[in-house]
Amino acid sequence: MIYREAGQFRTSYAADQAVFPVLQDRVFVCAVALFAFFIVPFLASEYLLRAILVPFLILAIAAVGLNLLVGYCGQISLGSAAFMAVGAYAAYDVTVHLPWLNLLFVFLIGGLCAAAAGVVFGLPSLRIKGYYLAVATLAAQFFFDWLFIRVPWFTNYASSGSVSAPPLSIFGLRFDSPAGRYLFCLALLTVTAVAAKNLVRARMGRIWMAMRDMDIAAEIIGIRPLHAKLSAFAISSFIIGISGALWAFVHLGSWEPLAFSIDRSFALLFMVVIGGLGSILGCFLGAAFITILPIFLNQVPTALGIPLSTAMISHLEFMTFGALIVFFLIVEPSGLARLWAICREKLRLWPFPH
Amino acid sequence: MRGKISGILAVICAFAATPAVAQNEQFFPSLVYRTGPYAPNGIPFANGYADYLNLLNARDGGINGVKIATEECETGYATDRGVECYERLKGKGPTGASLFVPLSTGITYALMDKAPVDKIALLTSGYGRSESADGNVIRWAFPILGTYWDAGDIQIEYIAKSLGGWDKLKGKKIADVYHDSPYGKEPIPVLQALAKQHGFELELLPVTHPGVEQKATWLQIRQNRPDFTLLWGWGVMNSTALKEAAAVAYPRDKMLGVWWAGAEADTVPAEDAAKGYEALALNPSGASFPVHRDIFAQLYDKNLGAADRKEVGNVLYNRGMINALFATEAVRTAQAKFGNKPLTGEQVRWGLENLDLTPEKIQKLGFAGLLTPLKVTCANHTGIARARVHQWDGKEWKFVSDWIDSDQKVVWPMVEEAAKKYAQEKGLPTDACSKAS
């Protein structure tokens, strides 16, 4: 009913190729964006902004980056937290040595360094695939963990190995307030998501998908694997690197290598798998599922007034969360985004079953 | 379906509705870790902290008539969850949270920049950032009882004493098995400075989080046979280290743990392997102090205790109690100035800056023997930096030394220098105390 498309005619190629060809989708996405930009910062409490929305937005950026690599190009990576760490520490070192540089450029440099690291650790992908590649990218995780713990130059010789970010400001404009942080992350997420969505619809994305679906066939029709795979690693790591810099500068403020441990890599991969491989919407859903759901579950017993010990609440959180992961993967192995796509198809045909 | 929807709505409404806030309450947030690899150490501390707060409510009706409200939030020792908990709890209670006890170096570091903005004090007794001892620069963090640098200095002092003098340290080999995180790395500058000064050789052996895999480390110790081994572990790392030491037959009485590696949670799981192991102690263990009598009578006899009855009096349980004592006494001190009402973070900070625990006061609170007298000032946030060494005899911890004070001639210049560097990075003044009244 909501999705009745009668009367919507596409009269030009441009209209036919639009990101959201259906009017209802366009309206919905615009409404969500307007709501997120103009309403949420005024309505949401500081707790909601700083502790829930900011980490969600940042990890959604990382999930978009990882989805380009895993979902679109088919290269499994277990080193995403390492690329986040590269972005964070590169950005930190830039601010230490060039404190006058605009923070936007600092984040860009962080992203570029992560892209370079991604290309280097993406090289094995030219020879190996699947599980073997996952293990090879795991090397990135251990290598960068080791590097940032052991080489004091990266942490500016901090005795404890923990570093902290400078005050946040761009063009003399401070954005330290919770709403400022939220809007900054939201703006970057919007740019990233729009760029990624268009990238995967363009030549680059089609090359990646050809590579993912059958690399030999892709090679035969003239796609260079070197170019395709390394560009995917570079762009994906670039986005993940920026999200790492945001995680460190905007969310944590002060961090140690443990903030980018292997657990983070797994969490990012789960986001992409549960959200939906090869779907930008899936990145948002997956990031929300992995970051917000545990915190929500943790607060349910208290909010309902059920007296449970802290440890029991925490155990329940783990169990419910795990059970939900299994549940959603059984119900729809292709992820939450696919679940939404099915609902949408049903709505378009409603009230007729066929 | 309708039932499901209404159920979901109920949850959402419960979230949206803010619970009615009692007006005459001081809110004490509690960051705890009762799950994960660090839970064995997190649980007794959290129980001690909770029990002492509950005792004040049950016995005295709060602090000078102001009831104590408290809420726990599980961090799992993870920094990001700790930050989430901090944000969740900081606005609760009529005046908001006024004081946090993170019990994690990582979370302390992450809160270091947030707390001054929110005007909330951090009580980091025996851990945290060492330069926060200098209150002239870092105004909101209070490492009362000493920092990691004090602990490192006391360890070497004790070794020198047991050898019979500082000159005997020359040419000795001391290994440092440490948790590879800000916690374990923090004391290294002090240990290195002392090594240079007294001519002993320091061997650094990092152990990766969470510390269950230490075979390689202890093989190195078997090869090099250091004269002493310092242990800077937390959680399962400590008991694992003791078992591995037994496996390579390294004498346990040559191992000296820091005050975070000397509790029942570290030695009991290692069973016989822990016998003879020594560690620093900020406070004694045992449940025979006057305050425990009240805790048993007011809480455990009425089934209101947080822990198992037999766990009351563990090293970390007592330390949790002492932390709660610092927090509540800071509030009491501040109440003398600001009146008997719920206080803000700024007022509680004033209370911490003027915390003066005299022997009479400690006696009155029932902590005689648990705590030495101390006096915190605006400029010096540690108040006192001393520890005793205790040894595990297979059943309990027994003191084997008298109080050892950390040598402020060594530690304080380093604190001042680090604080100066911190002030430069953050653009903070270095003379906040002389300006403040």
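These legends walk through several close-up views of a predicted model. Local features are described where pLDDT is at least 70, side-chain atom pairs count only at pLDDT 80 or more, and totals for chains, interfaces and linings use all residues. Residues are numbered from 1 along each chain as its sequence is written, chains are lettered from A in the order in which they are written, and side-chain values use heavy atoms, leaving out hydrogens and water.

**View 1. Confidence along chain A.** The mean pLDDT of chain A is 92, and 99% of its residues reach 70 or more; pLDDT is the predictor's confidence in each residue, from 0 to 100. Among the elements of chain A, α5(A) has the highest mean pLDDT (96), while strand β3 (residues 173–174) has the lowest (81). Helices (H or I, at least four residues) and strands (E, at least two) are DSSP runs, numbered from the N terminus.

**View 2. Helices α4 and α5 of chain A cross at roughly 135°.** The axes of α4(A) (residues 80–97) and α5(A) (residues 103–122) come within 8 Å. Axes are lines fitted to C-alpha atoms, for helices over the stretch in contact, and angles run from 0 to 180 degrees between N-to-C directions. The two helices are therefore oblique to each other (under 35 degrees is roughly parallel, over 145 roughly antiparallel, 65 to 115 roughly perpendicular and the rest oblique). Residues in contact (heavy atoms within 4.5 Å) include F83(A) and V86(A) from α4(A), and L103(A) and F121(A) from α5(A). By class, this contact has 12 nonpolar, four polar and no charged residues. Here Ala, Val, Leu, Ile, Met, Phe, Trp, Tyr, Cys and Pro count as nonpolar, Asp, Glu, Lys and Arg as charged, and the others, Gly among them, as polar.

**View 3. Helices α12 and α14 of chain A cross at roughly 120°.** The axes of α12(A) (residues 280–303) and α14(A) (residues 336–349) come within 8 Å, and these helices are therefore oblique to each other too. L281(A), G282(A), L285(A) and F289(A) of α12(A) meet L336(A), A337(A) and W340(A) of α14(A). The contact has six nonpolar, one polar and no charged residues.

**View 4. Two backbone details in chain B.** Most residues other than glycine have a negative phi, and most peptide bonds are trans. A cis peptide bond, with omega about 0°, joins H209(B) and P210(B). P210(B) sits in the loop between β7 (201–207) and α9 (215–224) of chain B. N64(B) is not a glycine, yet has a positive phi of about 50°; look for N64(B) in the loop between α2 and β2 (67–74) of chain B.
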